Amino acid sequence: MLIANGIEDEDKWLAEGIAGIQHSAFYLHRALDSNNLREALKYSAQLLSELRTSRLSPHKYYELYMRAFDELRRLEMFFKDENRHGCPVVDLYELVQHAGNILPRLYLLCTVGSIYIKSKETPAKDVLKDLVEMCRGVQHPIRGLFLRSYLAQISRDKLPDIASDYEGEGDTFMDAVEFVLQNFAEMNKLWVRMQHQGSLREKEKLDKERNELRDLVGKNLHVLSQIEGVDLDIYRDTVLPKVLEQVVNCKDELAQYYLMDCIIQVFPDEYHLQTLETLLGAFPQLQSAVDIKTVLSRLMERLSNYAASSPEVLPDFLQVEAFTKLSNAIGKVIEAQVDMPIVGAITLYVSLLTFTLHVHPDRLDYVDQVLGACVKKLSGKAKLQDSRATKQVVALLSTPLEKYNNIVTALTLSNYPRVMDHLDAATNKVMAIVIIQSIMKNNTCVSTSDKVEVLFELIKGLIKDMDGTSTDELDEEDFKEEQNSVARLMHMLYNDDPEEMLNIMNTVWKYIMAGGSKRLPFTVPPLVFSALKLVRRLHGQDGDVAGEEVPATPKKIFQLLNQIIEALSVVPAPELALRLYLQCAEAANDCDLEPVAYEFFTQAFVLYEEEVADSKAQVTAIHLIIGTLQRMNVFGVENRDTLTHKATGYSAKLLKKPDQCRAVYACSHLFWVDDQDGIKDGERVLLCLKRSLRIANAAQQMVNVTRGSSGPVTLFVEILNKYLYFFEKGSPQITTAAIQGLIELIKTEMQSDSSTSNPASDAFFASTLSYIQFQKQKGGAMGEKYDPIKL
């Protein structure tokens, strides 16, 4: 209610002030129209007296000021025309000083003073000095600020400057500099004094009001930056020291923050670079509550952009030792502001790192120095919990990756992992994902075991449990995505040197083993396939060279692979382990290492017997075993017989008859390999096919018993196709009579009263018969072979 009443009162006072201005303006206009100087001065003084109020907020006072300003512009036009009022400008300058109240008197004096300067009847510097000194007569903060703002406004285009109309006869641009600096100093004092006008309870309101007036003060610095005569030497020797003196001595956090930011924004980047030491020297002297990190960050951002837009200035950065000065200044600021939150310090280091990467991208020692300073600041503190601080650390660590597009460069920075150690487990994972994504995006190859070790230290949040967290507490989808990222990463670890590649794999294995059993199904397969790739590269090396140690040989790698796959038993993941054993067996076959291949098959069979219990998994596993064994050509007769006997035996013991049938007829391929030196045992092929036919018959009978009708003839048609395959391959045991008999059997089954029609089976059989007919009609040797078969 009090606030509402206050607003209503202020609106009423503003309305009264505007009414007063309008009333005086009416009589002023009549005086101006009649060219009556005395009346014009009288009513203009009355009009300007409305600005004496102290009851309005800056926002409302500004509205009143602008009404008066419009009238002053009209009055100025009148004063300019001596023919209208008949009074020389020198006399007019004296005349307006007799106004009764000081505020109207000074507004009128400034108005006439601008005309006096323009007349050039006296040096501009004398009038400017007179005006800036006279304005000290108003010490009320708001009234004084608007008065001096008016002075700055009307004198802006009349300052003595190089090549201006007002230079010469004793007037130089230094007079303009001194005038603007003095006006700035006085305005700053008035602005700072505002904070003492109310009680502590009104501090927030006062700060808001002061914020509304800050541009009045800052305009002086903008005017300074526009003076042509202010070159680097004048700026360094005169302007900057005097401005900084005002900033530091005012000891007001609001003024210090705004004015430092103003300095950075309005003066040229080249000036900042050449006066860096002076500018940075002021920062530690600022009040502890000043948001220095933002101002310093903006300075470094401007310098970074300056370097990026003008590469020819880079030597200047080296000459002035910009990095060293900025780094020292940040250290001093952090040391001086003991209460600065950790996020503020890290933000400064992020800005410094961005600056370094823009200006000195080749100086990795500078980058590492920044990271080291951040580590020093974070040391002795618990893991970061502040989300803003962790976000800044992620930004700090991501910046080198974005700049270099190469994680290998970041791996050479000794302080990079030390910064990551201060992140909590969740953020550590986020950063690890960022690192992996950078590697994948830029197709970066990590080629030494030392770098792999550093890399895995960086991403350890993904490859092992951190801070007591368990994998059971993680979201299943997130966990899978994380581990798949690690798996993709492993394919980016490569070296042409087999010895170094083996060292890389040993390093990776060390970290994988520490990751816990739940991660192994994701991380073991890519490591196994990387090792198999190396094995095939080493094809031809069948052992150690006599007299010397050869670290990387297929045998040694297979030993490592055996250990790696064995680790999956703790998961357990028998189906995955079985697949990997078979992959290793096939690689050993390619390297002509029969004992090694046999051992891997043995391990696969042991897993099948002891660990694979699910019937569907057994079917998949036995077909994988059969398919792999069929491609093996390294085994001698004894070993091959042992393995094929095992495979056919397991096939016949599957739970479901159709699965048994299919597995047994698949085993027929183990006895007929269509290579030049491949086994071709037609007897055992026929034995497998006959056995599968018996199983198919048994399956049909079981369906008849349980359902009262025969099942589809799909199994018989599949076996018929196997007969046709081996018949075409030239197996003498597969005769046309056997094929004819099987065709008749299928037709009989399909015509049986108890059979049920199955469109898929019927179409399959019809397609098979069409194929036979096609071969009969084709002619040639194959046509002759098929000719005896009657359809």
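1. With a relative accessibility of 28%, Q287 counts as partly exposed (buried is under 20% relative accessible area, exposed over 50%, partly exposed in between, with a 1.4 Å probe and protein chains only). Q287 belongs to the loop between α14 (276-282) and α15 (292-309); helices are DSSP runs of H or I with at least four residues, numbered from the N terminus. Leaving aside residues up to four places away in sequence, Q287 touches K251, D252, E253, Q256 and Q337, where contact means heavy atoms within 4.5 Å. From Q287 to R694 the separation is 407 residues in sequence and 96 Å in space, C-alpha to C-alpha.

2. On provenance, this is a predicted model in which local features need pLDDT of at least 70 and side-chain atom pairs count only at pLDDT 80 or more, whereas totals for chains, interfaces and linings use all residues. Residues are numbered from 1 along each chain as its sequence is written, and side-chain values use heavy atoms, with hydrogens and water left out.

3. Two loop residues deserve a remark on phi. N405, a residue other than glycine, has a positive phi near 50 degrees; N405 is in the loop between α20 (387-404) and α21 (407-411) and, at 41% relative accessibility, counts as partly exposed. D592 is not a glycine either, yet its phi is positive, at about 60 degrees. The loop between α30 (574-590) and α31 (594-610) holds D592, which counts as exposed at 57% relative accessibility.

4. How do the axes of α9 and α11 cross? Helix α9 (residues 173-193) and helix α11 (residues 232-250) have axes that come within 10 Å and cross at roughly 10 degrees. Axes are lines fitted to C-alpha atoms, for helices over the stretch in contact, and angles run from 0 to 180 degrees between N-to-C directions. The two helices are therefore roughly parallel (under 35 degrees; over 145 is roughly antiparallel, 65 to 115 roughly perpendicular, the rest oblique). Residues in the contact include F173, L181 and F184 in α9 and I234, V239 and C250 in α11. By class, the contact has 11 nonpolar, three polar and three charged residues; Ala, Val, Leu, Ile, Met, Phe, Trp, Tyr, Cys and Pro count as nonpolar, Asp, Glu, Lys and Arg as charged, and the others, Gly among them, as polar.

5. Helix α28 (residues 520-537) packs with helix α29 (residues 554-566) at about 170 degrees, with the axes 10 Å apart, and α28 is thus roughly antiparallel to α29. V524, L527 and V528 in α28 are among the residues that meet α29, whose side includes P554, I557 and F558. The contact of α28 with α29 comprises 13 nonpolar, no polar and no charged residues.

6. The whole structure contains 27 aromatic pairs (rings of Phe, Tyr and Trp, the last by its six-membered ring, with centres within 6.5 Å; planes under 30 degrees apart are stacked, over 60 edge-to-face, the rest tilted). Y27 and Y43 form a stacked pair, 5.2 Å centre to centre with 20 degrees between the planes. Y27 is partly exposed at 29% relative accessibility, whereas Y43 is buried at 13%. One aromatic cluster is formed by Y61, Y62, Y65, F69, Y107, F146 and Y150.

7. Two charges sit over rings (NZ of Lys or CZ of Arg within 6 Å of the ring centre and within 35 degrees of the ring normal). The charged end of R363 is 4.1 Å from the ring centre of Y366, and K518 lies over the face of F479 at 5.0 Å.
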